[in-house]
Amino acid sequence: MAKSNDNFLTRSGKYIKACFDELRYKVTWPTAKELSNSAVIVLVASIILSLFIFLVDQAFEFIMSGIYKLVI
């Protein structure tokens, strides 16, 4: 815990420096190839999910239009 005589700015500066040091020296960053592979996976998964939602929406529209024709 910080010393009680440290002011807010000193504690904030130490915190920011500690965060920077951790990001710089302790975090393992992905390589460009890993990052591009992950981006492709996310893109493909997003396209598949959007197509699924589109198909479900079209099916509900078809079903509901049939029900409305029966009612009206």
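Me: How many residues apart are D21 and K17 in helix α1, and about how many helical turns separate them?

Reply: Keep in mind that this is a predicted model. Helix α1 covers residues 8–26, and both D21 and K17 belong to it. They sit 4 residues apart there, so the separation is about one helical turn.

Me: How far apart are the closest N and O atoms of D21 and K17?

Reply: The pair counts as a salt bridge, for which a Lys or Arg side-chain nitrogen has to be within 4 Å of a carboxyl oxygen. A search of the whole structure turns up 1 salt bridge. For D21 and K17, the closest N and O atoms are 2.8 Å apart.

Me: What radius of gyration does the protein chain have?

Reply: Secondary structure first: the chain has 2 helices and 0 strands. Its C-alpha trace spans about 80 × 35 × 15 Å along the principal axes, and 1% of the 72 residues count as buried. A compact globule of 72 residues would be near 11 Å, but this chain has a radius of gyration of 27 Å.

Me: How far apart do the centres of the positive and negative side chains lie?

Reply: There are 8 positive and 6 negative side chains in the protein chain.

Note on methods: Residues numbered from 1 in each chain as written. Predicted model: local features only at pLDDT ≥ 70, side-chain atom pairs only at ≥ 80, totals over all residues. Heavy atoms only, no water. Rg over C-alpha atoms; globule rule 2.2 N^0.38 Å. Buried < 20%, exposed > 50% of the residue type's maximum accessible area, 1.4 Å probe, protein only. Lys, Arg positive; Asp, Glu negative; His and termini not counted. Charge placed at Lys NZ, Arg CZ, Asp CG, Glu CD.
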